[in-house]
Amino acid sequence: MTLMIDSVLTAADAALRTLFARPHATRATPAPSLAPSELSEVERREAGALMRVNHVGEVCAQALYTAQAAVARDPALRAHFIEAAHEETDHLAWTRQRLDELGARPSLLNPLWYAGAFGFGLVAGRLGDPLSLGFVAETERQVEAHLESHLGRLPPADSASKAVVEQMKLDEARHASQAVNAGAAELPAPAKALMRVASRVMTTVAHRI
């Protein structure tokens, strides 16, 4: 009972911090190799929309890892999920900082995105640790591909956003490898397809709202 109460309180604290507190990174914001150039208003709006989508992705990552940690059977795996969430906080802080610099706002639907991702995480966690890790691995692979696409869509002059996205992409690839090495099971094709559909809905809506 005590463990259950602790898990509920930890999950509630994580949700409040993610949605309403200012995130603080433990690593410095990635620096661009080339000095950023002046963006036109159209370029600024597009960069802001893309970074809003990336910020939503990090909100969802916090929800996923928090939910999976809450129901993980193995204490070592629970600690792994918690540590991963802490590292993803860097991404949350970097994308929020970049939104501010671009004069853009976070998604108005962040509480909804968080709740949905938390639900996915609970379901994945309840299926057992191998499938829960498999969910992490597949999520990170899809996020890595999504970030790669953003590198081609961001305005060429926005080297600051590109530097953040490039580092995030490296981190997500590492998280996927860590999940596989920890014993991730391969998800069935229908589950992967459902994840891609959910991601497409989120990215399309978050780009605008």
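**View 1. Contacts across the whole chain.** Among contacts (heavy atoms within 4.5 Å) in the protein between residues at least 6 apart in sequence, 87% join residues at least 24 apart. The model is predicted: local features need pLDDT of at least 70, side-chain atom pairs count only at pLDDT 80 or more, and totals for chains, interfaces and linings use all residues. Residues are numbered from 1 along each chain as its sequence is written, and side-chain values use heavy atoms, with hydrogens and water left out. The protein has seven helices and zero strands; helices (H or I, at least four residues) and strands (E, at least two) are DSSP runs, numbered from the N terminus. Of the 209 residues, 47% are buried, where buried means under 20% relative accessible area, exposed over 50% and partly exposed in between (1.4 Å probe, protein chains only).

**View 2. The largest nonpolar core.** A nonpolar core is a set of buried Ala, Val, Leu, Ile, Met, Phe, Trp, Tyr and Cys residues joined through side-chain atoms within 4.5 Å. The largest one has 20 residues, and those with the most contacts inside it are Val56, Trp113, Tyr114, Phe135 and Ala206. Two or more residues each come from helix H1 (2–20), helix H2 (41–71), helix H4 (110–126) and helix H7 (189–206). H2 gives the largest share of this core, seven residues. Leaving aside neighbours within four places in sequence, Val56 is in contact with Ser107, Asn110, Trp113, Met202 and Ala206.

View 3. The buried residues in H7 are Lys192, Met195, Met202, Thr203 and Ala206. Seen down the axis of H7, they fall within an arc of 95°, so they line one face of the helix; the arc is that of the directions from the helix axis to the C-beta atoms. These buried residues pack against H2, H4 and H5. The face turned away from the buried side carries the exposed residues Ala189, Pro190, Leu194 and Arg200.

**View 4. Ser132 in helix H5.** Ser132 is found in helix H5, which covers residues 129–153. Is Ser132 buried or exposed? Ser132 counts as buried because its relative accessibility is 2%. Not counting residues up to four places away in sequence, Ser132 touches Gln68, Phe81, Ala124 and Gly125.
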